[in-house]
Amino acid sequence: MGPSKSALLAVVCLLGLVERLSSNEICSCPTFSLFLTAVESETTVKLKDGFLFAAKKDSDVTLKCSLENADSLAITSVTYKFYKAASIGDKPIPLMSSPNNKELCTDTPTTEDCVLSSVQYTSESTSVSSLDNGDNHVYQCAVEITLIDGTPVKLFSQTLNMEVHFPPSTGPPPNTDTRNLDNSKPSEKLQCDLPDSYPKTKPAWTFKKENTVDFLAIDVATDSRVARLIIVEDTVTSTAESQNYERGALVLMMFRDTEDVGEYKCSGVYDSVFDDLDLTWDVAHYSLARTGASDASDALVHSDVSEIVEPLLILDNDPVSLTYYVRDAPGRDPIYGEISYTWQFRGQQDETINFSDHPDLSVSNNGRTLTISDITKYLDKTFQCKTARQVDLPNNDPSTSTITSQGMGIGSSPIIIRPKVMQIPSTYRSGIGVADDYRVEPNKAYMMDTPELAGNINPEQTLWGASQFKYYINHEMLSFLDPTPGTVTGTFGRVTPDFLISRIPDLDDKRCVYWQYERGISAKYQLFEVMLNSQLGAAAVDITDLLTPICDSEQLEWNVVGETVTVTLPGETKIATSQGVMMSLLDSSDAVLDTKSLFESNTATSCADRSMLTTTALSKGSSTDANLKVKIHSDLTNGGSCIKLLRGDDGLSPGAIVGIVIAVLAGLGAASIVLVIYMKNKKCPNKSHDNHDNQ
């Protein structure tokens with residue numbers, strides 16, 4: 001009987017521990033990124049590229065905190081932490097640093113999973129008191145890592161929003177409510193009582209006109225009675241609530257017996273991402289008849305009813321519609337004029353929109369709806385609608401009644417995510433050189449490959465600052481974008497090494513320095529991005545001379561099978577350096593197809609005494625380029641390299657490598673090994689090595 005699975009697992013873990021204990025130097029820093037997700041199932045669904053998850057009420061949800069390179073030999077321990085909060089808040093700090101958070105799964109700190117049992121919905125999810133009785137909140141995970149040299153690193157994931165879905169409780173079929181109305185009645189309110197649910201149940205009104213057969217759907221914006229109809233939706237204004245207007249009601253203004261007599265039905269429509277929960281049922285039924293009288297004695301009321309922003313969760317290429325409804329909008333001669341609608345940019349001085357200057361803005365629904373077709377152009381704008389009516393009362397001077405909506409737009413109601421720009425997680429592996437600086441562009445993150453944080457190769461690091469001012473270096477939070485070297489210039493923040501070292505005195509002694517900075521959308525979302533500085537100090541030297549023996553070797557071999565290019569080094573190859581040495585597969589335009597380390601481990605007892613891997617397999621993917629190259633180089637930007645041109649010509653097997661050319665990378669002063677692989681689909685005659693050497 002063989003060993004049990006648990007025994008084998010124990011052996012594997014013990015071997016890993018022995019290797020960690022025997023390795024006391026970090027030869028190359030592992031790259032990290034942290035990503036929080038919820039495991040999808042029949043009761044848990046991912047929405048909006050993972051920005052949001054939906055779960056059925058009473059189901060279990062598994063959160064997963066995924067750490068890239070969690071199995072790196074450079075790590076001695078990882079502790080996982082999970083948090084939720086009622087809201088992110090206005091300050092750019094992670095949820096675990098917020099006083100209004102709740103820590104979860106504290107009994108399983110060494111596992112990346114956190115199980116939320118029997119999730120519940122709370123209507124007060126933005127209240128701190130709801131953290132104990134609901135689960136539709138904001139979530140975030142963090143890891144506390146200890147490297148083998150004792151360096152502590154704390155990383156934060158992006159935030160995740162959780163919805164808890166539950167269907168409404170439906171009632172019996174409704175009775176018919178019959179009403180007799182006078183012509184010119186200012187407004188008639190037809191309620192549609194919608195029960196609690198999440199997402200909210202929507203009203204669907206239909207109308208069967210007198211002397212017709214079919215009920216037809218009422219679409220306010222396209223109805224011939226558009227100026228006289230309102231369907232009350234979110235958000236119902238405080239004024240309307242005081243007048244007993246409720247969400248779902250149909251408001252019919254300035255009743256006309258030639259157009260409005262007939263039957264009206266309201267159905268409740270519950271539409272969830274879980275199809276088995278979807279419902280449609282009858283809620284209300286009205287029969288409106290004429291009295292034959294005309295009553296123009298009631299005053300028209302100019303008051304707001306509802307403000308609607310749809311959708312509330314959008315992608316950057318989704319149109320957004322803002323709607324402002326007021327009651328008794330149609331005028332009545334000779335006293336009451338028509339309601340007029342004016343859309344404005346809200347600010348210290350409100351600016352009326354000139355639509356000819358803004359082709360991405362348009363109005364519809366009798367002027368009551370503003371549609372923004374390209375939301376990316378108006379991320380910093382808040383809109384408002386101003387309504388006005390002129391009233392000419394007998395024996396009084398004419399007066400104008402005006403009302404202004406609340407602010408609507410990206411700065412208020414909707415949450416916008418931009419997956420085309422904000423990838424989750426957003427982590428790139430190399431810096432972009434701009435003059436003498438390394439610059440992190442807005443909406444991107446980089447794992448920096450600079451050899452030193454404080455050194456003379458790149459004396460200044462340029463980081464994106466935007467409006468965020470909290471940075472995290474390893475496990476410490478800093479506010480270092482201040483009026484000195486860390487000032488924010490435009491959309492970039494600049495920080496000098498001396499400034500950082502003054503804040504963290506032992507920073508220059510750390511082999512691996514991880515930077516995190518937060519960006520997000522107001523108080524709606526957080527994303528912590530990671531950059532790595534691999535610090536070598538005196539060991540950060542040009543290793544071109546150390547690479548020269550490899551460049552001179554004629555025993556490098558390569559082979560191509562399918563999408564895999566295998567390169568073999570001659571025998572046991574050592575380079576006395578603490579730097580990492582990489583092998584990259586390039587196409588003929590120097591685009592990188594794949595990169596692998598030439599060392600088996602990123603740790604060692606002595607980093608300067610490591611043997612390179614004999615064989616390295618690189619993927620060329622779907623590339624059909626016949627002139628592939630293999631480049632061997634330091635993992636530091638200016639760490640040194642050498643170049644070798646290899647031609648597999650007629651008569652030689654793919655492993656025969658000759659024709660040595662050593663070159664220097666233009667502008668860098670560093671050499672690299674480049675094996676140019678000519679792959680030809682033909683049978684070639686034999687030639688001697690000497691002939692190749694002479695070509």
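A: Leaving aside neighbours within four places in sequence, glutamine 344 is in contact with Asp350, Glu351, Thr352, Ile353, Thr382, Phe383, Gln384 and Lys386. The model is predicted, and what follows describes that model. Glutamine 344 belongs to strand S23, which covers residues 340-345. Its relative accessible area is 8%, so glutamine 344 counts as buried, the limit being under 20%.

Two of the contact residues also meet glutamine 344 through polar side-chain contacts. With the side chain of glutamine 384, the side chain of glutamine 344 makes such a contact at 2.8 Å. With the side chain of threonine 352, the side chain of glutamine 344 makes one at 3.4 Å.

For comparison, consider a strand elsewhere in the chain. Strand S5 spans residues 61-67; Val61, Leu63, Cys65 and Leu67 lie on its covered face, while Thr62, Lys64 and Ser66 lie on the uncovered one. In a regular strand, side chains alternate between the two faces of the sheet. S5 runs antiparallel to strand S2 (residues 34-38), to which 5 bridges join it. Within that pairing, leucine 36 stands opposite cysteine 65. S5 is also paired, again in the antiparallel sense, with strand S8 (residues 113-116), over 4 bridges. There, threonine 62 has valine 115 as its bridge partner.

Serine 606 is partly exposed, at 31% relative accessibility. Between serine 606 and glutamate 25 there are 6.4 Å from C-alpha to C-alpha, although the two are 581 residues apart in sequence.

As to confidence, the protein chain has a mean pLDDT of 76, and 70% of its residues reach 70 or more. The pLDDT falls below 50 over residues 416-469, a stretch with 191 contacts in the model beyond near neighbours in sequence. Residues 480-494 also have pLDDT below 50, with 54 contacts beyond near neighbours in sequence. Where pLDDT is low, the predicted coordinates should not be read in detail.

Conventions. Residues are numbered from 1 along each chain as its sequence is written. This is a predicted model: local features need pLDDT of at least 70, side-chain atom pairs count only at pLDDT 80 or more; totals for chains, interfaces and linings use all residues. Side-chain values use heavy atoms; hydrogens and water are left out. Buried means under 20% relative accessible area, exposed over 50%, partly exposed in between (1.4 Å probe, protein chains only). pLDDT is the predictor's confidence in each residue, from 0 to 100. Contact means heavy atoms within 4.5 Å. Helices (H or I, at least four residues) and strands (E, at least two) are DSSP runs, numbered from the N terminus. A polar contact is a pair of N or O atoms within 3.5 Å; within protein, one must be able to donate a hydrogen and the other to accept it, and residues adjacent in sequence count only if both atoms are side-chain atoms. Two strands pair if DSSP finds at least two bridges between them.
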